[in-house]
Amino acid sequence: MPDRLVILGSKGGPALRPGGPWPSSSLLQIGGRSIVVDCGLGVTRGLVDAGISLKSLDLIFITHLHSDHVLELGPLIHTAWTAGLATPVGVFGPPGTGHYWRRFCQAMEFDIEIRIVDEGRPDIRDLVSIGEFGEGQVVAQGGLTVSALRVEHPPVTDCFALRFEHGAKSVVFSADTAFYPPLADFARGADILVHEAMLEEGIERLVARTGNGARLREHLLASHSFAEEAGSIASDAGVKRLVLNHLIPADDSLIGEADWTAAVRKTWNGDLTIARDGLVVGLSSAKAAAGEETA
Ligand SMILES: [Zn+2]
Ligand SMILES: [Zn+2]
């Protein structure tokens, strides 16, 4: 299994629009592990389309509990279970992740109980272990290490950037964050930095077509990064490739890849990928990382 990153959902925020991209989720395959990072709506479909057998679901990380990152966590695991999942799944998320999972199982109690009795399935509640984490090392197992950095995403305080390392490979996800300089140290030398991004000229149009526009603008400016700021972090960190993700706006017909590129090129000269759903970024070697394809 080649090491790779697959962007399953590339938009920021929970809204869906006709033909538009899905909210946040990614698949990271590294050192023989398949790791799901965030579970926005569409993660299950995205994994299947990326060629993943749901039965082999293994590790899931949630950066924070905003719905565009966690809404489909329960439905993903449940769908994997009905597809034959019989091996343990480790879910790592901020405080409150266990509460979400227990309440999800309660909400689905009728279906869970009936499938255990009627179809002889193992108890889904026994298959899933939840690890709630704060800053620092989250996981160290079989050569894989994962560490977390609290980032700036008010009013959410438990929002964490994640760094995945295996052998000499490393991939960092910014999570949702305003410009946060300590992220550069955290992402130092990574093969890939996946950083969230907004585009200034698109924000006003987005605010205009959304109800509650003034509050939305306030939230966006306080809690998210402009593409230029993502580029600064990548430059300071000296990463090998920047992937702009969690795009806001992601579905404005007047904004295309060239606009994102123009904004980020003010602060970043290195390898650059603008995320879109299904995009694959290779991680097998520094050379291969430059090649990308659409899944
Ligand atoms: Zn988000
Ligand atoms: Zn968020």
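The donors of the zinc ion (ligand 1) are spaced as D-H-x106-D-x69-H along the chain, donors being N, O and S atoms within 2.8 Å of the metal (3.2 Å for Na, K and Ca), with water not among the atoms, so that sites may look incomplete. The model is predicted: local features need pLDDT of at least 70 and side-chain atom pairs pLDDT 80 or more, while totals for chains, interfaces and linings use all residues. Residues are numbered from 1 along each chain as its sequence is written, chains are lettered from A and ligands numbered from 1 in the order in which they are written, and side-chain values use heavy atoms, without hydrogens and water.

The protein donors of the zinc ion (ligand 1) are Asp68 (OD), His69 (NE2), Asp176 (OD) and His246 (NE2), at 2.1 to 2.2 Å. The angles subtended by these 4 donor atoms run from 89 to 168°, which makes the arrangement irregular. Four donors count as tetrahedral if all angles lie between 85 and 135 degrees; four count as square planar and six as octahedral if opposite donors are over 155 degrees apart and all others between 65 and 115; anything else is irregular. Histidine 69 belongs to helix H2 (residues 67–70) and histidine 246 to strand E12, so the pair ties together parts 177 residues apart in sequence. Helices (H or I, at least four residues) and strands (E, at least two) are DSSP runs, numbered from the N terminus. Histidine 69 is buried at a relative accessible area of 1%, and histidine 246 is buried at 3%; buried means under 20% relative accessible area, exposed over 50%, and partly exposed in between (1.4 Å probe, protein chains only).

Histidine 64, in the loop between strand E4 (59–61) and H2, and aspartate 176, in the loop between E10 and helix H7 (182–186), are 112 residues apart and link distant parts of the chain. Histidine 64 is buried at 0% relative accessibility, as is aspartate 176 at 2%.

An open sheet of 7 strands with mixed pairing has the order E7-E8-E9-E10-E11-E12-E13, where two strands pair if DSSP finds at least two bridges between them. Strands E7 (136–141) and E13 (271–274) stand at the edges with a single partner strand each, so one side of each lacks a neighbour in the sheet. Strands E10 (residues 169–173) and E11 (residues 192–198) pair in the parallel sense over 3 bridges, and phenylalanine 173 stands opposite valine 194 in E11.

Helix H10 (residues 227–237) lies across E11 and strand E12 (241–248), at about 160° to E11. Axes are lines fitted to C-alpha atoms, for helices over the stretch in contact, and angles run from 0 to 180 degrees between N-to-C directions. In helix H8 (residues 200–209), the buried residues are Gly202, Ile203, Leu206 and Val207. Viewed down the axis of H8, these fall within an arc of 135°, so they line one face of the helix, the arc being that of the directions from the helix axis to the C-beta atoms. The buried residues of H8 pack against E11, helix H9 (213–223) and E12, contact meaning heavy atoms within 4.5 Å.
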